[in-house]
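Trainee: I have a two-chain model open and want to learn how to read it. Where do I start?

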Amino acid sequence: MSIALSVILTAIVALLGLALAFGTLLGFASVRFKVEGNPIVDEIDSILPQTQCGQCGHPGCRPYAEGIAAGEDINKCPPGGEATIQALADLLDVEATPLDAEHGEEKGKMVAVIREPECIGCTKCIQACPIDAILGSAKHMHTVIASECTGCDLCVEPCPVDCIDMVPVDQGISSWHWNSPKDMKIIATDKAASIDNEGAIH
Amino acid sequence: MSEYLLILVSTILVNNFVLVQFLGLCPFMGVSNKLETAMGMSLATTFVLTLSSVCSYLAFTFLLQPLGLEYLQTITFILVIAVVVQFTEMVVRKTSPLLYRVLGIFLPLITTNCAVLGVALLNIKKQNGFVESIMYGFGAAVGFSLVLILFSAMRERIAVADVPSPFKGSAIGMITAGLMSLAFMGFTGLVNI
């Protein structure tokens with residue numbers, strides 16, 4: 001009886017000891033070899049509209065997200081507009097500031113359209129497109145994949161024959177949404193704040 | 001020295017883990033669609049197999065054997081392998097982001113690779129010594145890598161070949177694996193361990 005018990009106990013203690021040693025090792029390793037990722041950058045990046053338009057002065061949305069995480073202003077993203085600024089302000093717990101006009105103004109959702117008979121097939125717009133939404137090859141007509149286009153304007157400037165138009169996206173049933181209220185003066189304090197602002201300008 | 005060479009040849013060609021002993025078939029079929037991923041998997045497996053055969057040998061000789069707990073070898077080896085893989089992943093992630101990008105997603109997969117446990121158990125069964133265990137693990141891993149890379153290269157060709165529709169996809173993969181296994185049977189008798 002006692003021999004059997006001692007065998008079982010040895011087995012349990014040995015396994016337990018081994019597991020404990022390994023657990024300690026892993027616990028130590030998870031502290032010692034911790035990878036300093038910056039999760040806030042991912043969160044900011046997921047809020048940004050991913051147009052990769054570069055209007056903020058960064059080469060894409062991810063670099064701007066890193067910039068914001070490092071303390072840059074949050075009001076440099078025209079495609080995202082007020083909604084993005086508000087979301088960023090909520091996330092980072094800072095004041096929501098109006099869009100910086102220096103970087104462009106908020107427009108509705110646009111899509112690039114190539115006037116195809118005029119296209120000479122120079123491929124310059126293809127090279128400019130940050131998300132590869134333009135299809136075509138040298139000396140052949142190009143076209144824009146409308147569902148991929150983010151409306152970033154970057155292809156308009158390089159076109160030598162100016163055959164790219166930015167047109168507002170047609171609001172079909174699937175893309176229709178309520179317009180946000182034009183005037184945010186809903187309660188009395190909003191009005192008071194706007195008066196204060198105007199007073200400060202004068 | 002020639003003994004170690006014999007172990008290597010034996011595990012790589014004659015007693016190939018995948019095609020002759022039929023261990024580690026899941027990654028063999030699962031990760032062989034692309035040559036690039038197959039190479040990543042092979043590298044990671046080589047690393048883990050060699051390391052885990054060393055660790056399991058140490059755990060067996062210095063913990064289980066003195067206490068007379070040989071019957072606990074399976075659960076102990078599973079524990080050892082899981083910890084080795086996890087620890088390796090952490091260290092690689094910290095020290096070399098580049099290597100982590102190559103090996104990273106494959107490392108957790110290897111934990112459940114039966115070839116890893118198979119090597120540990122066979123080492124004990126064959127009563128291999130310390131260096132022999134390392135050689136055995138390394139040879140098994142090289143054999144696995146060789147077969148996996150060959151097979152994935154073949155599958156890349158097969159993917160664009162005109163295969164009759166009943167054999168498309170995994171079916172032709174299985175047949176190819178069978179033919180490879182037949183081919184490796186040809187090595188039987190080359191070395192005898």
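Predicted model: local features only at pLDDT ≥ 70, side-chain atom pairs only at ≥ 80, totals over all residues.

Trainee: How many helices and strands does chain B have?

Mentor: Count elements, then read their order. Chain B has 9 helices and 0 strands. Its elements, read from the N terminus, run α-α-α-α-α-α-α-α-α.

Trainee: And what is the secondary structure of chain A?

Mentor: Chain A has 6 helices and 4 strands. From the N terminus the order is α-α-α-α-β-α-β-β-β-α.

Trainee: Which residues touch the most other members of the largest nonpolar core?

Mentor: The general idea comes first. In soluble globular proteins, nonpolar side chains tend to be buried together. Here the largest nonpolar core holds 47 residues. Val48(B), Ala115(B), Val116(B), Val119(B), Ala140(B) and Phe144(B) touch the most other members. Several elements of chain B give two or more residues to this core: helix 1 (2–14), helix 3, helix 4, helix 6 (106–111), helix 7 and helix 8. Helix 3 of chain B gives the most, with 11 residues. There is also a second, separate core of 14 residues, including Ile114(A), Ile134(A), Cys159(A) and Ile164(A).

Trainee: Take Ala115(B). What is it in contact with, beyond its neighbours within four places in sequence?

Mentor: Ala115(B) is in contact with Phe17(B), Leu23(B), Gly24(B), Leu49(B), Ala140(B) and Phe144(B).

Trainee: Which residues of helix 7 of chain B are buried?

Mentor: Start with the geometry. An α-helix has 3.6 residues a turn, so residues three or four places apart point the same way. In helix 7 of chain B, the buried residues are Ala115(B), Val116(B), Leu117(B), Val119(B), Ala120(B), Leu122(B) and Asn123(B). Look for that spacing in the list. The buried residues of this helix pack against helix 3, helix 4, helix 6 and helix 8 of chain B.

Trainee: What follows helix 7 of chain B?

Mentor: Gln127(B) follows, with a positive phi near 55°. Gln127(B) is not a glycine. The residue lies in the loop between helix 7 (114–125) and helix 8 (130–160) of chain B.

Trainee: Where does Asp162(A) lie?

Mentor: Asp162(A) lies in the loop between strand 3 (143–144) and strand 4 (164–168) of chain A. Asp162(A) also has a positive phi, of about 50°, although it is not a glycine. With 10 other C-beta atoms within 10 Å, Asp162(A) is exposed.

Trainee: What is Pro130(A) in contact with, leaving aside neighbours within four places in sequence?

Mentor: Pro130(A) is in the loop between helix 5 (124–128) and strand 2 (134–135) of chain A. Its contacts are Gln52(A), Gly60(A), Cys152(A) and Leu154(A). Pro130(A) and Pro59(A) are 71 residues apart in sequence, yet 9.3 Å apart in space, C-alpha to C-alpha. Pro130(A) counts as partly exposed, because it has 17 C-beta neighbours inside 10 Å.

Trainee: Last, the interface. How many residues of chain B are in contact with chain A?

Mentor: 13 residues of chain B are in contact with 13 residues of chain A. On the chain B side, helix 3 (35–67) and helix 4 (73–95) each supply at least two residues. The largest share, 9 residues, comes from helix 4 of chain B. By type, the chain B side divides into 9 nonpolar, 2 polar and 2 charged residues.

Terms used. Residues numbered from 1 in each chain as written. Chains lettered and ligands numbered in written order. Contact = placed C-beta atoms within 7 Å. Nonpolar A, V, L, I, M, F, W, Y, C, P; charged D, E, K, R; others polar. Buried ≥ 20, exposed ≤ 12 C-beta atoms within 10 Å, placed from the backbone. Core = buried A, V, L, I, M, F, W, Y, C linked by C-beta atoms within 7 Å.
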